[in-house]
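Subject: Structure handover

Dear colleague,

Here is the structure I said I would pass on. My notes on it follow below the display.

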Amino acid sequence: MRNNKMMSANEETTVLPNKIGGGPHGLGDPLDRSLRHVEIEVLIPKKMREKAKEEKCIEEVKAFSECCKKYNLLMVVTCRKQNNALRNCLTKWYQDEEFKLICQEEYLQERSEFRRTGIPQKPKSSS
């Protein structure tokens with residue numbers, strides 16, 4: 001026999017666990033600090049990449065961009081030196097554990113704010 005349990009009017013049933021689907025806007029618990037696999041493997045590294053390009057490897061990004069603009073189709077051959085410098089700078093920051101922890105903490109704060117308010121972060125405009 002099936003167990004039919006009566007639910008009160010303010011109870012909701014969801015497929016997702018509360019930490020994923022709970023919270024004030026059904027977006028997850030704002031205080032939950034656990035990370036899903038996709039956050040660890042994709043979203044935090046993406047944040048690291050963006051932050052490294054915008055804050056840590058500014059000169060290398062600028063030099064590579066200028067070279068690419070100058071040489072258009074020949075950039076693959078002509079801009080190797082600038083590309084290597086940029087790649088080395090980015091790799092240095094990807095391997096920095098303190099930088100990774102800073103990016104992870106920023107990600108968790110942004111996710112918490114989104115879960116609390118339901119308002120997504122506006123993407124930063126690049127200049």
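Helices α3 and α5 run roughly antiparallel to each other. In this predicted model, their axes come within 9 Å and cross at roughly 150 degrees. The cut-off for roughly antiparallel is an angle over 145 degrees, so the label applies here. The crossing of α3 past α5 is left-handed.

On the α3 side, the residues that meet α5 are Glu60, Val61, Ala63, Phe64 and Cys67. Their counterparts in α5 are Gln82, Asn83, Ala85, Leu86 and Cys89. Sorted by class, this contact has seven nonpolar residues, two polar and one charged.

Helix α5 also packs against α2. Here α2 spans residues 37-56 and α5 residues 80-94. The angle between the two is about 120 degrees, and their axes lie 10 Å apart. That angle makes α2 oblique to α5. The crossing of α2 and α5 is right-handed. From α2, the contact takes in Met48, Arg49, Ala52, Lys53 and Lys56; from α5, it takes in Cys89, Leu90, Trp93 and Tyr94. By class, the contact of α2 with α5 has six nonpolar residues, three charged and no polar ones. Cys89 of α5 is listed both in the contact with α2 and in the contact with α3.

Trp93 belongs to helix α5. Is Trp93 buried or exposed? Its relative accessible area is 17%, and buried means under 20%, so Trp93 counts as buried. Setting aside neighbours within four places in sequence, Trp93 is in contact with Met48, Ala52, Lys56, Cys57 and Phe99. Among these, Met48, Ala52 and Lys56 are also part of the α2 side of the contact with α5. Lys53 is 40 residues from Trp93 in sequence, and the C-alpha atoms of the two are 9.7 Å apart.

Ile44 sits in helix α2. With 3% relative accessibility, Ile44 counts as buried. Which residues does Ile44 contact, leaving aside neighbours within four places in sequence? They are Leu35, Glu39, Gln104 and Tyr107. Ile44 and Glu106 are 62 residues apart along the chain, with 9.2 Å between their C-alpha atoms.

One backbone detail is worth a look when you open the model. Asn72 has a positive phi of about 40 degrees, although this residue is not a glycine. Asn72 is found in the loop between α3 (58-71) and α4 (75-78). Its relative accessible area is 52%, and exposed means over 50%, so Asn72 counts as exposed.

Now the overall figures. The secondary structure of the protein comes to six helices and zero strands, and from the N terminus on the order of elements is α-α-α-α-α-α. The protein has 127 residues, of which 20% count as buried. Of the contacts with a separation of 6 or more, 63% are between residues 24 or more positions apart. The protein exposes about 10,300 Å², and carbon and sulfur atoms supply 54% of that area.

Regards

Notes:
Residues are numbered from 1 along each chain as its sequence is written. This is a predicted model: local features need pLDDT of at least 70, side-chain atom pairs count only at pLDDT 80 or more; totals for chains, interfaces and linings use all residues. Side-chain values use heavy atoms; hydrogens and water are left out. Helices (H or I, at least four residues) and strands (E, at least two) are DSSP runs, numbered from the N terminus. Buried means under 20% relative accessible area, exposed over 50%, partly exposed in between (1.4 Å probe, protein chains only). Contact means heavy atoms within 4.5 Å. Accessible areas come from the Shrake-Rupley method with a 1.4 Å probe; for residues, only the protein chains shown count as cover. Axes are lines fitted to C-alpha atoms, for helices over the stretch in contact, and angles run from 0 to 180 degrees between N-to-C directions. Angles under 35 degrees count as roughly parallel, over 145 as roughly antiparallel, 65 to 115 as roughly perpendicular and the rest as oblique. A crossing is left-handed if the near helix is turned anticlockwise from the far one by less than a right angle, and right-handed if clockwise. Ala, Val, Leu, Ile, Met, Phe, Trp, Tyr, Cys and Pro count as nonpolar, Asp, Glu, Lys and Arg as charged, and the others, Gly among them, as polar.
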